Amino acid sequence: MTLINVSRLLSRAKKSYLSFFNRFPSAEFLFLGILSGLTLFPLPGVQIVLFFTVSRSLYLLDSSLPWRQFFLRIWALGFGFFCASLYWICQAMFVEIEVFWWAIPLCFLGLPAFISLITTSLSLWFLGWSY
């Protein structure tokens, strides 16, 4: 591949990224949360992704938002992070899948949803300090 083809490919990827996430801004926070959660895997050098995900999420939250949109976006960020980083709890239930099959959706979706509610309420508390 030549350098011109790579630059066209990157510009096309950037355009599609921005066009999708401009329509669904909470989905971008979910995506950034999943990428942030993947940094907990024991791979060398993958933690640099956290710099980009946190800086992008802070950049997007810098604009003035109604508190409900702020709440939804922070919740989506936390939900994506906790879904990607708490996978091992569901993995432990596969030892006796016949007994604990019903608890897998609860621990894969319910536990991250609840924990992200806690972190979102903390962020709203800190948001009150900024005004």
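Colleague: Which helix does Ser36 lie in?
Modeller: This is a predicted model: local features need pLDDT of at least 70, side-chain atom pairs count only at pLDDT 80 or more, and totals for chains, interfaces and linings use all residues. Numbering starts from 1 along each chain as its sequence is written, and side-chain values use heavy atoms, leaving out hydrogens and water. Helices are DSSP runs (H or I, at least four residues; strands are E, at least two), numbered from the N terminus. Ser36 lies in helix α2.

Colleague: Is Ser36 buried or exposed?
Modeller: The classes rest on relative accessible area: under 20% is buried, over 50% exposed, and in between partly exposed (1.4 Å probe, protein chains only). The value for Ser36 is 7%. Ser36 therefore counts as buried.

Colleague: Which residues does Ser36 touch, not counting residues up to four places away in sequence?
Modeller: Contact means heavy atoms within 4.5 Å. By that rule, the residues touching Ser36 are Leu50, Thr53 and Phe81.

Colleague: Which residues is Ser57 in contact with, leaving aside its neighbours within four places in sequence?
Modeller: Ser57 is placed in helix α3. Ser57 is buried, at 5% relative accessible area. Its contacts are Phe29, Leu32 and Leu77.

Colleague: How many salt bridges does a search of the whole structure find?
Modeller: The criterion is a side-chain nitrogen of Lys or Arg within 4 Å of a carboxyl oxygen of Asp or Glu. The side chains of Arg56 and Glu28 meet it at 2.9 Å, N to O. Arg56 is partly exposed at 23%, whereas Glu28 is buried at 4%. The search finds one.

Colleague: How many residues apart in sequence are the parts that the Arg56 and Glu28 pair ties together?
Modeller: Arg56 and Glu28 meet in a salt bridge. Arg56 sits in helix α3 (residues 48-61) and Glu28 in helix α2 (residues 25-37), so the tied parts have a sequence separation, in residues, of 28.

Colleague: What accessible area do Phe114, Leu117, Ile118, Leu122, Trp125 and Phe126 have together?
Modeller: These residues form a nonpolar patch on the surface; patches take residues with over 30% relative accessible area and no salt bridge, joining like charges within 9 Å and nonpolar side chains (Val, Leu, Ile, Met, Phe, Trp, Tyr) within 5 Å. One of them, Leu122, lies in helix α7 (residues 104-129) and is partly exposed at 41%. Areas come from the Shrake-Rupley method with a 1.4 Å probe; for residues, only the protein chains shown count as cover. Together the patch has about 600 Å².
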